[in-house]
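Visitor: Hi, I'm new to this one. Can you show me around?
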Amino acid sequence: MAERSRTEAPTTDGAAIRLDAVDFDYDDMAMHFDLIIEPSTITAIIGPSGAGKSTLLNLIAGFETAKSGRIVIAGADVTHAAPSERPVSMVFQDNNLFAHLDVTANVGLGRKPNLRLDETDRVAVAEAIAKVGLSGKEHRKPEALSGGERQRVAIARALVRNRPVLLLDEAFASLGPALRHAMLDLVGDLQEETGMTVVMVTHHPGDALRLQSLLVFLDNGKVVASGPAADLLSTKAPTLLRKYLGAEDSAL
Amino acid sequence: MISLKPLAGALALAFLAVLAGGACISLAVEALRGSAEGFAAFDSYLWRIARFTLLQALLSMLLSVGLAIPLARALHAHPDFPGRTLILRLFALPLALPALVAVLGITSIYGRNGLLAALFSWLGLDVIPNIYGLTGILLAHVFFNLPLATRLLLSNMDSIPEDYWKLSSQLGMGKWARFRLIEWPVILRNISGIAGLIFMLCITSFTIVLTLGGGPRATTLEVAIYQSLHFDFDIARAVSLTLLQLCLTIAVLSVLSLSGRPTEEGFSLRTTTRRFDQTTLGTRLLDGATIIVGLLFVALPIAGTVVSGLAADLLRLLGESLVWRAILTSIVLGASAAALSLIISLALVVAREYLASRRGYASPKLFERSLDRGASLIMVIPPIVIGSGWFILSRHFVDPFSLAPFMVVSVNGAMAIPFAFRILRPTWDTAASRHNRLCAQLGITGWSRLRLIDWPVLKRPSSVAFAFAMALSLGDLGTIALFGNNSTQTLPYLLLQRMGSYRTQDAAGLALILGVLCLLLMIAADRGAGTLAKREVANIG
């Protein structure tokens with residue numbers, strides 16, 4: 001397990017993520033992942049429901065444990081590490097915040113899990129809240145925030161945690177189009193600033209184009225195609241992916 | 001990392017197993033030892049009691065449900081009936097009242113010197129009502145269960161989609177067609193569960209039968225167990241009665257498990273559905289009369305309790321040290337029972353969730369299922385069975401009466417566990433499913449997690465469960481009737497004694513005090529539960 005210092009400069013370098021022949025059984029479905037994600041990149045994971053998108057993120061974050069194979073982040077084998085020991089922050093679609101704690105406390109938990117914050121922690125928390133545009137709402141409870149604002153708090157917490165990998169599990173799926181684009185732009189800006197590696201699961205292939213990211217297409221628990229989003233989403237796309245995109249278009 | 005959660009769950013289960021198992025083993029040993037004598041006790045007297053137990057439960061159930069249907073329909077058809085919300089609140093009251101208090105209220109209306117008797121004599125009729133026997137038992141059971149059934153049915157009818165009512169008025173359905181096509185299917189789906197619940201409550205009814213039964217003609221198994229232990233000290237008979245009661249409960253429960261439980265979605269005070277049908281004047285009058293009769297039936301005994309309680313010499317009562325000691329004993333034992341039931345339920349809930357989230361997609365193992373089942377153990381083995389089992393067992397070692405405080409706390413605590421478990425579990429499970437991944441990622445564990453994450457969530461449901469359990473224990477007569485004595489007297493026990501010695505005024509005053517105590521706790525629990533439900537809706541954070 002690599003030692004990570006919590007007092008390092010706010011700019012972290014991204015970490016590479018490698019899944020070596022990772023096997024995982026989801027109910028009756030056998031999943032198999034072989035994947036390399038380069039450091040400081042943005043990768044969008046798309047695919048039909050039940051393809052294993054969230055499972056892939058859960059394996060990287062440590063909420064699921066691989067049956068066999070290795071997961072390597074920043075050169076360290078984390079296959080069996082606990083979620084809090086991995087250099088990873090994850091933002092879920094909802095339930096990112098503790099409903100009875102205010103914005104500052106929710107972000108502060110990213111610094112100290114017992115909430116005993118010192119002065120540097122407080123400064124870092126205030127800075128992160130300002131960065132996601134929530135200054136002035138420090139003492140609101142989650143119920144007094146909009147859906148977008150709640151996700152901003154979760155991102156602020158990821159910032160103060162200062163981990164080189166940020167995972168977004170359909171984090172913006174419940175937001176309207178304009179708000180979703182604003183959040184994507186925020187993630188893009190923060191990624192540029194910190195250089196962290198971002199992996200996001202999305203239902204909107206357009207998200208990948210907006211952030212000029214890499215694209216990984218999953219189907220039936222396997223990586224079917226991967227490459228720059230601009231290439232994969234063009235007419236050169238493989239058949240399965242075209243079918244998925246076509247089905248998506250006709251559903252719109 | 002080793003968690004203490006499964007250990008806590010195992011300890012809670014062990015407590016319940018000892019409490020129930022000890023009683024059952026004691027009964028079994030006693031039955032085998034004096035087998036000839038024991039089985040001789042299965043005579044015609046016993047069967048007559050068993051028959052009466054079933055008969056009164058069946059009649060109470062039929063009356064309650066049969067009357068609840070028109071009442072619920074009338075209440076549903078008139079969402080803007082004046083004071084409807086108040087009426088529904090009032091209908092929640094009987095469940096919060098200790099049975100003994102309700103019994104006094106009912107006698108103040110239908111008894112020899114009650115309101116009805118006064119009305120008859122004013123009209124010049126030479127009729128003196130006598131409610132002791134089956135009549136009184138049925139009156140009291142309907143008083144408790146009619147409002148319950150009405151509320152349950154009403155909440156079922158509220159779940160009928162609004163579109164159905166729109167459609168029925170568009171299609172011009174008549175009253176009968178509306179009943180047959182829209183209301184009846186919903187009622188039918190839920191009626192077996194509601195009827196089963198009421199049947200079960202009436203089969204294990206103790207206080208009402210003890211006080212209103214009036215003699216060996218109208219006695220149920222529970223009361224016969226109490227009499228054989230408390231007055232006759234006929235152990236063989238008590239054992240056979242208890243075993244019969246146990247078999248009966250298990251038989252009824254297994255039939256009930258086929259029909260499913262009634263569901264009440266939250267507190268249905270709000271008027272969810274709008275009705276679009278035009279009602280005729282005749283229907284409106286009939287429905288209005290139905291509601292008013294139902295209202296009077298529930299409200300009069302409650303008013304009677306208050307009026308005769310206030311007529312009692314409350315100041316003198318509160319000057320008696322015996323009364324104060326009973327109040328204090330009740331509060332101390334009630335609070336201990338509530339604390340016990342809260343601790344046991346929490347241990348069961350937390351351990352169950354821990355195992356469930358650990359196993360992931362696998363099917364639950366025996367231990368996890370036992371944690372779930374353990375919570376409702378007391379439903380299968382009635383408190384009186386546990387009480388008499390331990391009474392019979394302990395007499396070999398100590399004076400059973402000296403165990404009064406322990407038995408009241410343990411049995412009353414166990415009685416509240418099914419409810420406390422149901423109050424705590426949804427909140428805990430939802431919170432855990434929201435928080436487990438977050439806490440795992442942020443490394444929030446141990447004391448920090450309890451202090452920052454879990455306790456804030458548990459605080460309110462815990463106090464709701466505590467208040468509810470304490471009210472339940474305060475009003476309970478079953479266990480204290482068995483074990484009570486001059487050194488340990490609770491408020492219901494003292495009340496029963498005063499009733500027995502025909503000090504009616506005192507009894508009415510004590511009933512008022514007891515009723516107010518229980519009501520305050522129940523109101524606190526209800527308020528808490530209300531905000532709990534609202535918070536669940538608000539927190540999608």
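Guide: Here is a short tour by question and answer. This is a predicted model, where local features need pLDDT of at least 70, side-chain atom pairs count only at pLDDT 80 or more, and totals for chains, interfaces and linings use all residues. Residues are numbered from 1 along each chain as its sequence is written, chains are lettered from A in the order in which they are written, and side-chain values use heavy atoms, with hydrogens and water left out.

Visitor: What is the domain assignment of chain B?
Guide: Domain 1 covers 1-37 + 313-541, and domain 2 covers 41-311. The bounds come from an automatic or database domain assignment.

Visitor: How far apart are the C-alpha centres of the two?
Guide: 25 Å, for domain 1 and domain 2 of chain B.

Visitor: And how many residues are in contact?
Guide: 43 residues of domain 1 of chain B touch 41 residues of domain 2 of chain B. Contact means heavy atoms within 4.5 Å.

Visitor: New topic: Ala338(B). Buried or exposed?
Guide: Ala338(B) is buried, because its relative accessibility is 0%. Buried means under 20% relative accessible area, exposed over 50%, partly exposed in between (1.4 Å probe, protein chains only).

Visitor: Which residues is Ala338(B) in contact with?
Guide: Phe466(B), Ala469(B) and Met470(B), leaving aside neighbours within four places in sequence.

Visitor: And where is His396(B)?
Guide: His396(B) is 58 residues from Ala338(B) along the chain, and their C-alpha atoms are 29 Å apart.

Visitor: What about Leu119(B), how accessible is that?
Guide: Leu119(B) is partly exposed, because its relative accessible area is 43%.
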